[in-house]
Amino acid sequence: MQEELSSLVMALSKSGDFEDAAARTLAALMSLTERAIAASKLAGRGKVLRGMVHLRPSGGYLRLAILEQGATAVQTAGSAGARGAPSLVSATAWRSVVQHGCPVFIDVTLGTLRPYSPQSPDKEEELLPGSFGSQESRQSFLSRQASHVCVIPLPTLGSGIGGMISLEADSPAAMGQDFVWRECVEQLQTIAKVSAPYLTGLPFRPAPQVEVDEYLPVVGASMANLLPILNVFSQQEESILVSGATGAGKSRLARWVHARSNRRKGPFEVLDLIAVPEDLQMAELFGWKKGAFTGAVKDSLGSLGRAEGGTLFIDEIDKLSLKAQAGLLRVLEERSYRVLGDGAGDRSADVRFIIGTNVDLREAVRAGRFREDLYYRINVLPLRVPSLDERRDEIPLWANYMVGRRHKEQFPQGQARLTPEAEQLLSRRTWPGNLRQLDNIIRRAYTLALVEHGASPELTLSEGHVSRALEYEGATGEPGKATSSVTEAFRSAANAFIAEAKRRGTSLDLGLAESLVGIVLGQAVQQMGREDAFRALGRENLLKNRNHHKVLKRELEKVEALYKELGEGSSPFAALLEENEAA
């Protein structure tokens, strides 16, 4: 074993990407399992089918690599040649791996899941109703001839878990047993631990070019890496949990998934809970009969009824009341529900669920605002949508798409675009409101361009149009309305700094981030005057000691250094710096 580990480490050290490291790791794990089968009483009556590496940190799935028996290279989710939709390991298995921090053994035929615990080898975890034990999950594995599965946690630096490795085998003769997993699990764990730094740290191979469509007309590098796994999700029937900031595009992704699913010919229904009063949530979800409550003047199908045979996207799930959460849990587990005021009995729910949220549901569970059983029931296929600040390469592309789409409503054969300078101005901004905020800016800039140039088939939005549109945002976003807190704005600034560091060919010194103090101070001085600014920002003692000129100079010089490093010329505070030195 030691010699094999040494060879694996040497091979992994030469791997240049995640895919190559995954192929080497899975080959070693499958070879070890095959030897264990040959040495067991199941020799000739069991075989390894495939192995998978699932990268899924807390935010959701990032990558899925599959190595079929006899293959030499892995397939990634959505890659050419992938055989249909791979079976993803159940939410119950993932929950058990995270909670126990140990491997789990699954007997697919019996639907049992057993965590490996050397201290308590016979301890068996009770399955959550409707999770791995659901007919959909079990049938998905059986259709791939997998009767036994071993899931091994993939550790990260520290004590975290950044994913898992699953090994699938076929051995009907071992039904009711742990197959050979118990005999070789410690060696499997050792290989996983040795491989983990490479699997979680190496870059991905460039994603294949993604065809844009009406739902995702713009796809940058970050989204291109996520869409293959989302394409796999679209082929499943289990619930998808899409998390991400408001306005980041969760609804677009939900429609994209539906359009690629087996339910694409069925309806796509949206239930945005932020627009539904709490006392009407049950009615909007399940529908009602005339007279069921005050105001029910006619029958209504409800979202479930309208989505029958298709997909229901429930957005802002954290806004769902605890009472309605209990009702939704029943639908997910039993696939049936009752219309309010209907005495005819339950109706079946032939619906695929996609759930959207912009909050940390785990924190909501800890705070008692969200049911834990419902959280695990919807967190089957999780995915996090990056914010627009994390997808900065998309900003000019989205801006041109938005203005072009709006212009074609008036001039179907016309064209509208932004100048390169206007694109650069937008790219330098942070976008706490994401695509929704960018669309508002483009609307204003487009209107300003029409006012200046008149209605014309050919229209160009200049830097001046965009600059004036941005002025309406002020310090808080939309006029008269704060769109983010100070902490959110600072996080957006941090995201922009990180994005620039990743974009550059050379490093970006972290010390330049200290210029934020100078930006705040310079902005305050321009708005309130030097002395009032220092008082407002808690530096009145510097005024008493007459040291405020020196402090202002030091901080503004940091801002100038940042602008110089980014190649953006002088900062907006250059004149203030000169004035301060003269004083």
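Two strands are paired if DSSP finds at least two bridges between them, and both helices (H or I, at least four residues) and strands (E, at least two) are DSSP runs, numbered from the N terminus. The model is predicted: local features need pLDDT of at least 70, side-chain atom pairs count only at pLDDT 80 or more, and totals for chains, interfaces and linings use all residues. Residues are numbered from 1 along each chain as its sequence is written, and side-chain values use heavy atoms, with hydrogens and water left out.

**View 1. An open sheet of five parallel strands.** The strand order is E9-E10-E13-E8-E14. Strands E9 (268-272) and E14 (381-384) stand at the edges with a single partner strand each, so one side of each is left without a neighbour in the sheet. Neighbouring strands are turned by 20 degrees against each other on average, direction ignored; axes are lines fitted to C-alpha atoms, for helices over the stretch in contact, and angles run from 0 to 180 degrees between N-to-C directions.

**View 2. The pairing of strands E10 and E13.** Strand E10 (residues 311-315) runs parallel to strand E13 (residues 352-357), and four bridges join the two. Ile314 stands opposite Ile355 in E13.

**View 3. Helix H6 across the sheet strands E8, E13 and E14.** Helix H6 comprises residues 221-234 and runs at about 150 degrees to E14. Contact here means heavy atoms within 4.5 Å.

View 4. Side chains of opposite charge can pair when their charged atoms come close. A salt bridge is a side-chain nitrogen of Lys or Arg within 4 Å of a carboxyl oxygen of Asp or Glu; the count by this rule is 35. Arg405 is partly exposed at 31% relative accessible area, whereas Asp439 is buried at 13% (buried, under 20%; exposed, over 50%; partly exposed, in between; 1.4 Å probe, protein chains only).

**View 5. Further salt bridges, including a network.** Asp342 forms a salt bridge with Arg347, the closest N and O atoms lying 3.3 Å apart. Asp342 is buried at 12%, and Arg347 is partly exposed at 30%. In the pair of Lys319 and Asp318 the corresponding distance is 3.0 Å, and Lys319 is partly exposed at 35%. Salt bridges also link Arg330, Glu334, Arg338 and Asp346 in a network.
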